[in-house]
Structures are given as C-alpha cells and as structure tokens.
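Biologist: Can you walk me through this structure in plain words?
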Protein chains: 2
Amino acid sequence: MVDRFYEFCGGQSGAWRVAQVMAVVGEGLPLTPFVSLTPIDLSMPRVPAAWSVRGVRSNERYVQARERSALGAVQGDLGRSEAVCAAMIPIRKNAAWWALAQDERRALMEEQSHHIAIGLEYLPAIARRLYHCRDLGEPFDFVTWFEFAPPHVSLFDHMLTRLRSSPEWAYVDREVDIRLQRVGE
Amino acid sequence: MVDRFYEFCGGQSGAWRVAQVMAVVGEGLPLTPFVSLTPIDLSMPRVPAAWSVRGVRSNERYVQARERSALGAVQGDLGRSEAVCAAMIPIRKNAAWWALAQDERRALMEEQSHHIAIGLEYLPAIARRLYHCRDLGEPFDFVTWFEFAPPHVSLFDHMLTRLRSSPEWAYVDREVDIRLQRVGE
C-alpha cells in the first residue's frame with residue numbers, strides 16, 4: 001500500500017536545503033534552512049515547525065484517459081539521482097474557482113489554459129507530483145512538488161511563466177515558490 | 001463561513017434515533033440507538049463511539065453547469081420540519097474505480113448510470129448532502145445524507161433500487177444503509 005498522506009515542514013532539518021522562498025501571490029512562508037517531507041497518519045499531531053502543510057495523494061480530478069496515456073508514456077520519475085533540484089509550490093485558488101461546476105473548471109484549466117498539455121511538453125525532464133490539501137483544512141489547496149536536474153532550471157522557469165500567465169492563474173490568490181537542493185549535493 | 005468538516009457517530013445519544021442498520025455490500029456497522037452529526041476541526045481527537053466517520057463538504061466533482069442549474073431550481077433543503085426521516089448511506093468504491101481517469105468516471109456515473117438525473121427526479125421530496133471521506137483516510141469514500149417526510153419512504157427506496165442496479169454500483173465494494181428518525185418525532 002502506497003503512503004497517501006504527507007506533511008511538508010519548513011525547519012532546521014530535512015532532506016532538502018532551501019535555496020530561495022518567493023511569495024508569488026499573497027502571503028509567503030517563513031524562510032527556513034531545510035524542508036522535510038514525511039509520510040503521516042492524519043491522527044498524528046503536527047510536527048512543530050516554522051510552517052507545515054499536509055497533503056494527500058489522491059485520484060485524478062481533471063486528467064482524461066487519452067491525456068493520462070500521453071503522460072504515462074513520458075512520465076518522469078521522482079527520486080532520479082541527477083534530479084538534485086526541487087521546487088515546492090503551494091497554491092490556493094479563490095472562492096470563485098471552487099464555486100464553478102466541474103466542466104467549467106476543466107474548460108478553464110485545459111481547453112483555455114492548456115495546463116496538462118504544457119506539463120506534458122516538459123516531461124520527462126521536469127518530474128512532478130500533486131498533493132491535495134484543501135479538504136484537509138490546510139491554508140493551501142494544493143502543493144505541487146517538482147524535481148529536475150540543474151541544467152533544466154531555466155526550462156522549469158519557462159514552464160512556470162507559461163502557467164502563471166494562463167486564464168486559470170487568475171483564480172490563484174496565494175502562491176509560494178520554494179526552491180530546494182537535495183542535501184549532500 | 002460554513003462549517004466544512006463533520007463527524008458522524010453511532011452511540012448512546014444524538015439528534016437522530018436509529019430505526020435500522022443494513023449492510024448492503026460488504027461489512028456493516030454496529031447497531032447503536034442514536035446517530036449524531038457534529039461540526040469538527042480535523043485536529044480534534046475522535047469522539048469515543050461505537051463507530052465514527054469523518055467527512056468534508058467539498059466542491060462538485062462531476063456535476064456540470066447545466067446540471068447544477070437544474071438541481072438548483074428544485075433543490076430540497078435539509079432541516080425541513082416535515083422531513084423527520086433520514087438515511088445515512090456510507091459507501092466505498094473499489095480500487096478499479098479510483099484508477100479511472102476523470103472522463104471515464106464521469107461517463108460511468110452519468111452517461112451510463114444517470115446518477116445525477118435520477119437524483120433530480122426525486123427532488124425536492126428527497127433532500128440530500130454529500131460528504132467526502134476518502135481523502136481523510138476514512139473507511140468509507142463518501143457519506144450521503146438524505147432527509148424526507150414519512151410519506152416519501154417508498155419513493156426513497158425506489159430511487160435507491162435504481163441507483164444500486166446501475167453500472168456505477170458495480171464499483172461499490174462497501175455500502176451501509178442506516179435509517180433514522182429525528183428525535184422528538
């Protein structure tokens with residue numbers, strides 16, 4: 001059974017050293033030397049930390065079968081030895097987004113913003129995993145975790161620029177961009 | 001701000017008296033005299049009880065804009081004085097369901113099973129509310145709560161028979177049907 005629940009913590013230890021914390025939209029997060037990511041049980045008390053965010057790996061909410069096939073064909077794995085750079089990007093969307101019906105959110109996200117298609121272009125170089133936080137009562141709705149090798153930093157930045165200029169991003173009311181380097185690298 | 005997180009408990013007290021507990025598919029739940037439903041904070045320890053299920057009121061996962069308009073036009077409210085009968089139906093779907101892409105689940109649920117359309121036919125007599133449980137690590141994926149007046153019991157049973165014979169229900173691997181009466185009635 002794969003672990004489904006995780007806690008991201010900013011603190012004095014962790015497998016990832018913080019290079020930079022940027023408040024992209026709204027309130028940022030305190031700068032800490034390290035970020036850790038730990039499988040948890042939701043009944044566990046929170047780890048004391050400068051900040052923590054809990055998330056769950058869940059089922060797909062928007063990806064369609066043909067898109068999943070395309071993604072699966074080039075999927076980049078997490079944990080690759082050369083991928084010593086990571087980014088943790090927690091975001092929150094506004095009430096207007098969550099009040100939309102499923103087909104309206106899908107249309108904004110993909111038919112208008114090409115979110116899935118853009119991510120696909122950057123695979124397998126930019127590997128990622130989505131954690132859902134909203135229905136755990138967290139201050140963010142999602143955390144996306146990205147891993148890539150140092151030569152691909154500008155590629156990653158290019159991808160973010162495209163996503164952040166899309167119609168979907170007009171609904172983002174908080175976004176923090178935390179750049180990390182694997183400890184020991 | 002509307003409460004989003006709730007705990008259903010089977011125990012010795014509560015606003016709803018248990019009339020019957022039926023194991024429809026898979027393991028049932030212990031019979032208790034009462035069921036309570038309480039707004040919670042997820043950091044609170046669980047209330048000691050014969051059984052408890054936590055759920056979150058969340059955004060729509062399948063309903064499209066035109067369906068939401070149709071539902072909204074005839075929506076039955078919870079808490080109506082004449083609706084002294086309730087049913088709490090926790091269900092779990094199997095791994096095959098959760099491994100499907102969004103469009104595959106939507107097609108099974110609505111285009112093949114007419115889940116939303118069937119529910120609409122029974123409005124406003126049969127009012128309901130959905131709670132999501134899966135991403136809280138609960139033993140059920142959803143709880144649906146229904147309220148209706150005593151003359152509509154057979155109507156409610158008819159609706160359940162139709163839903164349970166649909167292709168979507170082939171993916172249900174646990175379902176419990178708890179019938180309740182409002183205390184004081």
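Modeller: What follows covers the model itself, the interface and some local features.

Biologist: What kind of model is it, and how are things numbered?
Modeller: This is a predicted model: local features need pLDDT of at least 70, side-chain atom pairs count only at pLDDT 80 or more, and totals for chains, interfaces and linings use all residues. Residues are numbered from 1 along each chain as its sequence is written, chains are lettered from A and ligands numbered from 1 in the order in which they are written, and side-chain values use heavy atoms, with hydrogens and water left out.

Biologist: What is the average pLDDT of chain A?
Modeller: Chain A averages 96, and 99% of the residues score at least 70. pLDDT is the predictor's confidence in each residue, from 0 to 100. For the model, ipTM is 0.93 and pTM is 0.95.

Biologist: How many residues are in contact?
Modeller: 25 residues of chain B are in contact with 25 residues of chain A, where contact means heavy atoms within 4.5 Å.

Biologist: And what area do they bury?
Modeller: About 2000 Å² between them, with 42% of it on carbon and sulfur atoms. Buried area is the accessible area (1.4 Å probe) that two parts lose on being put together, summed over both.

Biologist: Which residues in chain B lose the most area?
Modeller: B:Asn59, B:Gln102 and B:Asp135, which together make up 26% of what that side buries.

Biologist: How many salt bridges are found across the interface?
Modeller: The rule finds 6 between chain B and chain A; a salt bridge is a side-chain nitrogen of Lys or Arg within 4 Å of a carboxyl oxygen of Asp or Glu. One of them joins the side chains of A:Asp135 and B:Arg61, at 2.7 Å from N to O.

Biologist: Which elements of chain B give two or more residues to that side?
Modeller: α1 (65-74) and α3 (102-112) of chain B. The largest share, 4 residues, comes from α3(B). Helices (H or I, at least four residues) and strands (E, at least two) are DSSP runs, numbered from the N terminus.

Biologist: Switching topic, which residue does A:Arg106 form a salt bridge with?
Modeller: A:Glu67, with the closest N and O atoms 2.7 Å apart. The pair links distant parts of the chain, as A:Arg106 is in helix α3 of chain A and A:Glu67 is in helix α1, 39 residues apart.

Biologist: Where is the cis peptide bond in chain A?
Modeller: From A:Leu123 to A:Pro124, with omega near 0°. A:Pro124 lies in the loop between α4 (115-121) and β6 (127-132) of chain A. In chain B, a cis peptide bond joins B:Leu123 and B:Pro124.

Biologist: What is phi of A:His114?
Modeller: Near 55°, a positive value in a residue other than glycine. A:His114 lies in the loop between α3 and α4 of chain A. Most residues other than glycine have a negative phi, and most peptide bonds are trans.
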